[in-house]
Amino acid sequence: MKRTKISDLFDPGMTGHEVDVKGWVRTRRGNKHVQFVALNDGSTIKNIQIVFDMNTFTDEQLKPVTTGSSIHVTGKLVESMGKGQTCEIQADTLEIYGTADPETYPLQKKGHTLEFLREKAHLRPRTNTFGAVLRVRSALAFAIHKFFQEKGFYYLNTPLITASDCEGAGAMFQVTTLPLNDLPKTEEGSVDYSRDFFGKPTALTVSGQLEGELGATALGAIYTFGPTFRAENSNTPRHLSEFWMIEPEMAFYDISDNMDLAEEFVKYCIRYALDNCRDDIDFLAQMYDPELVSRLEFVLHNDFVRLTYTEGVEILEKSGKKFEFPVSWGTDLQSEHERYLVEEHFKKPVILTDYPREIKAFYMKQNDDGRTVRAMDVLFPHIGEIIGGSEREENYDKLMKRIDELGIPMKDMWWYLDTRRFGTVPHSGFGLGFERLVLFVTGMTNIRDVIPFPRTPGNAEF
Ligand code: ATP
Ligand code: MN
């Protein structure tokens, strides 16, 4: 008989059939006449109940069937009399694949804290919570590709190892094959990188944008979707050292086209998750966050408010609210400021534009006022910044001037500047932090709980 996934058993046409299921035991209970096993195979948040008639099975046979063990059962799928499930399997055969010693299996009991489960990251996908989160994460990844592919964007793979250190987005992880305890030195006494693997210093990328611009100015519209690495020592519930980013980049888009795309894009992803992961989202809502579904619907049904950074700062200054970090024109907004605008002032997602040029990257298009750039940050309830983007400076001279002012080493940038030297066009793009989107959609509160194996300062165990 062919194996059926548990997710397919709940199809009404299945009742009355002989089925073959395989999975991991969540619980076993019962008495000497009948034993009930809740089985999960990862295909759905739902368990299937398996009923063992103890006239047919022996105690000895059932003994290894403990929480965490893996089994194979065949039997008849019937409507269930019991509460809480629509159908169950009357077991005919039982095969044990692997036992899980109750004395040592770490997930023996229910109701572990998320902190405890972070220490058990190798096993936590077997819990209801992480099963749900990881299924939602997978669906969102698919939705992202679907959205861009349907719009005619091309998926561009940008390098993870890079020699340009000019993004300014954060500290980088160096990549080297030089022996750290016996570094080759030049005559002047500095490290001789000509002897390194690539013949120059290299690091893991903080963003695929610069290469993305090369793609956009050839293919018209591209998106990247890959890991990025930031060696900042920021231990917050919203920062990872290794996270996934989606970076669309579009020729002939100005900042309002860019905002329209960002809004349509995140709404599409949220809609997709609600339509395709409803059981998982309902489970997470019930466990952690009763407001979850209404918050998702709320984002879907509201136009995002668009205003300038300058207007935003005025609102914050007039709010009379005591912030941990004081706010004034020219300061970078903290998540408390962003959340105030979204959650308390507008009660809608917000897109802030035209930030002071001093706090934004060199490549953003300069406004005529000489002090702001055409940046846009999308701010969400619970999260703060979920997207950062801009229209790009396409004018070679203006871009060069900014590069000089900031002292960015030109020799690393020649290939990027060629986009402005040969057939330059107005263009725009943005970066969405994938885990911030997953945080929002799942209602989880710590970014370490929405990626299978989180990398944070001091933590790379699993
Ligand atoms: P923040 O101000 O929140 O630290 P940022 O302005 O440094 O973020 P960008 O360089 O604009 O971030 O990156 C684009 C997007 O990537 C952000 O809007 C956010 O969603 C996500 N992101 C940035 N840094 C991290 C991180 N360390 N961990 C997870 N996601 C991140
Ligand atoms: Mn940003």
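Which polar backbone atom is 2.9 Å from a nitrogen atom of ligand 1? Select ligand 1 and look to Leu-240, whose backbone supplies that atom. Before going further, note that this is a predicted model.

**Stop 1: ligand 1**

Stay on ligand 1 and show its surroundings: 14 residues surround the ligand, and the closest are His-239, Leu-240, Glu-385, Ile-386 and Arg-436. Two further backbone approaches involve oxygen atoms of the ligand. A backbone N or O atom of Ile-386 is 2.8 Å from one oxygen atom of ligand 1, and for Gly-433 the corresponding distance to an oxygen atom of the ligand is 3.2 Å. On its own, ligand 1 has 580 Å² of accessible area, of which the protein covers 81%. Strand 11, strand 15 (384-391) and strand 16 are the elements that give two or more residues to the shell. Strand 15 contributes the most, with 4 residues.

**Stop 2**

Next select His-382, in the loop between strand 14 (372-380) and strand 15. His-382 is not a glycine, yet its phi is positive, at about 70 degrees. Its relative accessibility is 32%, so His-382 counts as partly exposed. Another non-glycine residue with positive phi is Lys-347, at near 55 degrees. Find Lys-347 in the loop between helix 10 (335-346) and strand 13 (350-356).

**Stop 3: helix 5**

Select residues 209-219, which make up helix 5. Its buried residues are Gln-209, Leu-210, Glu-211, Gly-212, Glu-213, Gly-215 and Ala-216. To see what covers these, show strand 7, strand 10, strand 11 (242-251), helix 12 (414-421) and strand 16 (427-433), which are among the covering elements. Just past the helix, Gly-220 has a positive phi of about 95 degrees.

**Stop 4: Tyr-223**

Move on to Tyr-223 in strand 10 (residues 221-229). Is this residue buried or exposed? With a relative accessible area of 0%, Tyr-223 is buried, because the limit for that class is under 20%. Leaving aside residues up to four places away in sequence, Tyr-223 touches His-145, Phe-148, Gln-149, Phe-153, Tyr-154, Tyr-155, Leu-156, Glu-247 and Pro-248. Two of these contacts can be drawn as side-chain polar contacts: Tyr-223 to His-145 at 2.7 Å, and Tyr-223 to Gln-149 at 2.8 Å. Also draw a line between the C-alpha atoms of Tyr-223 and Leu-156; they are 5.9 Å apart, although 67 residues separate the two along the chain.

**Stop 5**

Now show strands 7, 8 and 9. These 3 strands form an open sheet with antiparallel pairing, in the order 7-9-8. Strand 7 (161-162) and strand 8 (174-175) are at the edges with a single partner strand each, so one side of each has no neighbour in the sheet. Strand 8 is joined to strand 9 (residues 202-204) by 2 bridges. For Val-175, the bridge partner in strand 9 is Thr-202.

**Stop 6: helix 6**

Finish with residues 255-276, helix 6. How far apart are its end C-alpha atoms? The separation is 31 Å, which agrees with the 32 Å that 22 residues should span at 1.5 Å a residue. At the start of this helix, select Asp-254 and Ser-256: a side-chain oxygen of Asp-254 comes within 3.0 Å of the backbone nitrogen of Ser-256.

Methods:
Residues are numbered from 1 along each chain as its sequence is written. Chains are lettered from A and ligands numbered from 1 in the order in which they are written. This is a predicted model: local features need pLDDT of at least 70, side-chain atom pairs count only at pLDDT 80 or more; totals for chains, interfaces and linings use all residues. Side-chain values use heavy atoms; hydrogens and water are left out. Two strands pair if DSSP finds at least two bridges between them. The expected span of a helix is 1.5 Å times one less than its number of residues. A polar contact is a pair of N or O atoms within 3.5 Å; within protein, one must be able to donate a hydrogen and the other to accept it, and residues adjacent in sequence count only if both atoms are side-chain atoms. Buried means under 20% relative accessible area, exposed over 50%, partly exposed in between (1.4 Å probe, protein chains only). Contact means heavy atoms within 4.5 Å. A residue is near a molecule or strand if one of its heavy atoms lies within 4 Å of it. Accessible areas come from the Shrake-Rupley method with a 1.4 Å probe; for residues, only the protein chains shown count as cover.
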